[in-house]
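Have a look at the fold first, then read on.

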Amino acid sequence: MGLSHTFMNPKLTSDFLSASYLDKKSELLLPVKRTIPLCCLWPNSALVNHRGGNKSRTLNRFCCPGLDSDGLALMRGKHEACKSKGTLFSSNKRRVLREATVAEKNMESTDTIPACTGLGIVDFLRDKNLLITGATGFLAKVLIEKILRMQPDVGKLYLIIRAQESTSALNRLNNEILNTELFNGLREIHGNEFQEFMLKRLVPVAGDMAKQNLGIEKDMVHVLTKEVDIIVSSAATTTFDERYDVALETNTKAITRLLEFGKCCEKPQLFMHISTAYVNAQLQGRSVEEPFQMGYTLAGEKSDSVPTLDVQAEFHLAKKALEDFEDEFSNVKNCKLKKAKVTQRMKDLGMERAKSYGWQDTYAFSKAMGEMIIANGREDLPVVIVRPTVIESTSKQPFPGWIEGHRMMDPIITYHAKGQVPCLLGDPDTVLDLIPADMVVNATLAAMTKHAGKPGVKVYHVASSVANPLRLGEVVNIIFEHFKCNPYIDHNGKPVRLLKEMTLINTIENYRQALDTAFDSPSSINGSSSEHVVQQLEYLAKIHEPYLFCKASFDISNSEKLSQELSPEERESFGFDVRDIEWRDYIGNIHIPGLRQHVWKGRGTGKEIINI
């Protein structure tokens, strides 16, 4: 059908309405003054409007028409579930069913839509073969879904999945990727052909990033080196205080192997690495979008006495330390206890090494070393490094609020909802730099299109602290307001009534004292012992402290220039302008409901979520 699409039937007939994806209890506002066409149909079943300006939004295939006072098509309704062809779609309806704003003057013609300039992301993805690591991870799944939804004619997506052999890799593909709610939209589009469609494009590759040739069997190595156009490095351990040997293996050494693999490919157009903006978080002021030089240290910015970082020496140090710790605890008979002692020593070592060079934790330190290896060992391989901040649930696509597992702020949300946390360590004026997962994916695809086949290294921050700052005090208020309206339901079926917001406390010592005062007995608190809760809260405070008092902000000059190159249509489908985020709505009406649905699996949730 191409780019030449005519408007849909302008009559809002009963047939059209019955075909729409409507929720129960929808308050559908029918047109009363005049009949207008709802929208125009673009490739890949994406519905987009014909009105410019800030209120223009994408329709995500689902629509529920109505009119505002200007005669423009709108969607209105309450949060419920919608069914079609036996498939249940549960999400925040007002966003799954995107608002359609259509200017009447554009509705008088059935002329074809003129082609727009832009990066050409959809066309770029056609027939491209991508190798993706970390494919079973949260962000990679959002990336995979987005590519397949927007460009069904993509080539192959080779997904490296940790497995001994191909059958196990295929099982993980089905169980951990295809069977997730994230792919319900694609499942609805393709119906009975969903599995066939997916397996024609997704190729599970059994591998192990810790081994030579990434642990991939010889025949598959030959296929990949011949076919792969783009390499996406998304595998990582994101535990802030990870064992030093594990963090180095996953976030640093594995990058070395993947980079070497990329340089062996016959036609590599780009090596794209997903890092974190917090590799620069200890610096005061604004962190720039520039690659690290080998041996660079954050501590070296403040003192000339800090030695140059030797990444290879860190590998050897971690290996030797592990051997020493295992020898030290060799007399411990209990294997589980022995492992726990060694693990704690390796965790402590990672934090010590990170802080000695100026990084806040093992995670950021190991990711920074991974970046150094890429930027300085790439030879002539084009490289893009994407540095997102704190990645949270999707804001819009494929539907709002999808999340998998607890992200950074989610454990505190959970504890507060249950009435288990009266206070929080942090400065109310600290800017908590959050970014929705779909915006990170959109920026990644835009950068991929922009830089494929072009020499050099480019760094992009995907961050909100400069353009749309969100302060910790506001976050605390939004969380409280949400659960005041939508209280957590405890195991006895009773709502947990929160009386006030969490108190923000400025030092770890005062925070511990406040916890001791609040939990001065070992009694049970909504199903959990106070001793266990205090231990967890103290642990979270310790590892999150650098982020809750972070004074750095992240320059997004490169990202903003990239965003400006998107065409109007691309901004609808691939936009990542953080100024578009309304934080109270995103956290209170999208993220927390998504957390309750997809992570809590509805536990502690009443029948209907009320927007704040």
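Predicted model: local features only at pLDDT ≥ 70, side-chain atom pairs only at ≥ 80, totals over all residues.

A search of the whole structure turns up 5 cavities of 30 Å³ or more, and the largest cavity holds about 160 Å³ of space.

**The largest cavity**
- Its lining is made up of 18 residues, and those nearest the centre are Met409, Ile412, Leu424, Leu472 and Leu548.
- Four elements, α13 (410-417), β13 (423-425), α15 (472-485) and α17 (530-548), each give two or more residues to that lining.
- The largest share comes from α17, with 5 residues.

**Helix α17**
- This helix isn't straight: α17 bends by about 40° at Lys542, and a proline, Pro546, follows within four residues.
- End to end, the C-alpha atoms of α17 span only 24 Å, whereas a straight helix of 19 residues would span 27 Å at 1.5 Å a residue.
- The buried residues of α17 are Ser530, Val533, Val534, Leu537, Leu540, Ala541, Ile543, His544, Tyr547 and Leu548.
- One of these, Leu548, is also among the residues nearest the centre of the largest cavity.

**Asp229**
- Asp229 sits in the loop between α8 (218-227) and β8 (230-233).
- Is Asp229 buried or exposed? Its relative accessibility is 5%, so Asp229 counts as buried.
- The Asp229 side chain makes a polar contact of 3.3 Å with the side chain of Lys267.

Note on methods: Residues numbered from 1 in each chain as written. Heavy atoms only, no water. 1 Å grid on protein atoms, 1.4 Å probe; cavity = no way out; pocket = protein on both sides within 12 Å on 5 of 7 lines; lining within 4 Å. Points joined across faces, edges and corners; volume = space filled by probe spheres on them. Expected span 1.5 Å × (residues − 1). Bend = angle between axes of the 7 residues up to and from the residue. Buried < 20%, exposed > 50% of the residue type's maximum accessible area, 1.4 Å probe, protein only. Polar contact = N/O pair within 3.5 Å; in protein donor to acceptor, adjacent residues only side chain to side chain.
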